[in-house]
Amino acid sequence: MDSGLPEGSRGSGDWISGNGHVCRLEGLLSPSSYRFEILEKERLSESVVRMVIRAPLVAASARPGQFLLIRPQERSERIPLTISHADRARGTITIIFQEVGATTRELGALEEGQQVKDLVGPLGTPSDIRRFGTVACVGGGVGIAVMLPVARALKHAGNRVVGIIGARTKDLLILEREMREASDELIVMTDDGSYGSRGLVTEALAGLAERERVDHCYAIGPLPMMHAVCRLTREKGIPTTVSLDPVMVDGTGMCGGCRVTVGGEAKFTCVDGPEFDGHLVDWDTLRARKTIYREEERAALEARSGKA
Amino acid sequence: MPEQDPQTRARNFEEVALGYTEEMAVEEAARCLACKNKPCVRGCPVNIDIPAFIQLVAERRFREAAEVVAQANALAAVCGRVCPQEEQCEKYCVMARVNGPVAIGRLERFVADWARENVAHNGDRPQPAPDAQRVAVVGSGPAGLTCAGDLAARGYRVCVFEALHELGGVLRYGIPEFRLPRSILDAQIESIRRMGVEFYTNTVVGRTFTIQQLLESGFDAVFIGTGAGAPVFLNIPGEELNGVYAANEFLTRVNLMKAKDFPLEGTPLKRPRRCAVIGAGNTAMDAARTALRLGAEEVTIVYRRSREEMPARAEEVHHAEEEGVKFQLLTNPVEFLGDENGWLKKMRCIRMELGEPDESGRRRPHPVPGSEFEMEVDTAIIAVGQTPNPLIRQTTEGLAVEKWGGIVVDEQTGATSIPGVFAGGDVATGAATVITAMGAGRRSAIAIDEYLKSKRGAG
């Protein structure tokens, strides 16, 4: 597909490796770079949607681990979503999200050819990709979409990647093929045993750590899953990186709403993170902070479904 | 100047001060003695020819008066509302010693509003010459808007980059609409757009691209006006509790994201019931008055020094008091206390007393031993200052910064340690006022003009 980008301004190199120089801006600094058109939309499961969106300036500088803030419509909240893929030559980014609240549903209601109102990024600090040795990449639920580019980058850096992905049930499991490609070995878990092995990702990780040396662990998924993985890896002495997604407004370090306690210090997820040492995260505080707008989220959903 | 009744306005977001009528403006303008040496102009960071415009108002030549102001100030309707005139132009007015200074700020507001309502713009937008040199302005707050407007007027091609999805910087996310109505701000930005300035929102310089990339991509100079947007916390126990906000977050949710209209607007906010605002600057007053308007039963300013040291404008303090904000002075919070689910319930405070003056010249507060007490609160808003956002300094190689994070600049020109890169406003001075930032933007525009002229000559 033609990117429609001006000659000489196309990004080069690969977003995973970071090789290749980043494009010159001249051709990209035009209003057309700010029309965030949805080029592809696909449902990965009943409530998980994948979208490819035109955003050449963001694609040109995005690295694995970074995120975007998206405002689907004029009145929407700004929500953070991880960049699952960036195609520099085509000038697109890919997001994968679960329709859980009012804003993700507004986003999921948009169709190919429509535009998201606002999109800004890449935000956050890219993943610190090193050659660790053997890395367990544990992804749960829609967190697998966040895990995928990190797993790819880890593999590219020469690590042995063991992917461990899990979902409640087979129909909710996403990106299995992609994770298999990104991993040297892939273990699939479902809570109900409808696919792969029955059980939790932590059980698979414990099994892996019994059988071979694991030098580093990445855990990305629901908060209880990340917390459970961290309890296990702390016991086993495996350094662990997690990716957090607390409540956020501006995404540039301005509001302090996304502060989390890491190693006894307040950190801003949007600029210091989103990845942190999972063994230093104060999980109880984070859990409480994530519930701050639970009632309002319910009200927003009701208000929106009432209108429909 | 007429104002909305305090009881009524404390529950709405309409503008508090209603502005002069023509008759009132003419009458006030007649008080100006038109001093030859223009002491008032010395107090104006952007050098408006104050006696000239006031004489024109006295003669009912409002359009010409507005032109005089606009020549020096592209944001006059904003400045007429938010400038601390009592410490600037009006402080030097000779009438101050007679029966009060001429109300220069109110007259500035009057002529800017009059022009907006009565002067139709012709709609054409000057196009810079195809070979015009290009300037990137980072940040669309008061410094950036002023610098951009001044440079466009000199024929440069100017692009402004803004991180948020709307323009205006602190004028948009920080200052509430009851002090600066959105329609006024929109009109002021539109007038700068009409000067030929191009605006790009949704662009975080330092992340989307860097200053270096701008310089390598055809921009001949860069002005950094990114303000002081990073919140300062108290670093006391319990600050992570739900219900404890930085003023920035609280105000951004209401002002930029329009959370008062949730759920029609998507961004939520917990409605404060018993609210403490820590700090006594203009931001603290804005937060306190916003909390009242969101329906809070009780709003208290908690400040560690006394009334005399409060950094807010006297008018803002007066407005807050009239509306029912309480003041708990010589008091400092030491801990936030929450319930088992992580929600703020109480704030433990300690009484303070003033000792010897500190480096700021204000008397240093000391805790009074054994004077701790608790306040019952569900919302605490921390408004004790802001520092520059670290993104630009972290991503711009060779940019010299102060220990506290501000960019090192030449005070007159705003020149930084990188040739062709200038900076001004709060990012260089630390949190100050709208008009100081505008003054810096203006001085940098002059310096950038000179820099680009010499670059042309050399080229």
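This is a predicted model: local features need pLDDT of at least 70, side-chain atom pairs count only at pLDDT 80 or more; totals for chains, interfaces and linings use all residues.
Residues are numbered from 1 along each chain as its sequence is written, and chains are lettered from A in the order in which they are written. Local features need pLDDT of at least 70 and side-chain atom pairs count only at pLDDT 80 or more, whereas totals for chains, interfaces and linings use all residues, and side-chain values use heavy atoms, with hydrogens and water left out.

Reader: How many residues of chain A are in contact with chain B, and how many of chain B with chain A?
Author: Contact here means heavy atoms within 4.5 Å. By that rule, the residues in contact number 51 in chain A and 51 in chain B.

Reader: What area is buried between chain A and chain B?
Author: Buried area is the accessible area, taken with a 1.4 Å probe, that two parts lose on being put together, summed over both. Carbon and sulfur atoms give 56% of it, and the total between chain A and chain B is about 4,200 Å².

Reader: Which residues of chain A lose the most area to chain B?
Author: Three residues together account for 16% of what the side of chain A buries. They are A:Arg75, A:Met254 and A:Tyr293.

Reader: Which residue of chain B forms a salt bridge with A:Glu295?
Author: A salt bridge is a side-chain nitrogen of Lys or Arg within 4 Å of a carboxyl oxygen of Asp or Glu, and there are three between chain A and chain B. In the one made by A:Glu295, the closest N and O atoms are 3.8 Å apart, and the partner is B:Lys270.

Reader: Is B:Cys79 buried or exposed?
Author: Buried means under 20% relative accessible area, exposed over 50% and partly exposed in between, with a 1.4 Å probe and protein chains only. The relative accessible area of B:Cys79 is 0%, so this residue is buried.

Reader: Which elements do the buried residues of H8(A) pack against?
Author: Helices (H or I, at least four residues) and strands (E, at least two) are DSSP runs, numbered from the N terminus. In H8(A) the buried residues are A:Trp283, A:Thr285, A:Leu286, A:Ala288 and A:Arg289. They pack against helix H6 (223-236), strand E14 (240-243) and E15 of chain A.
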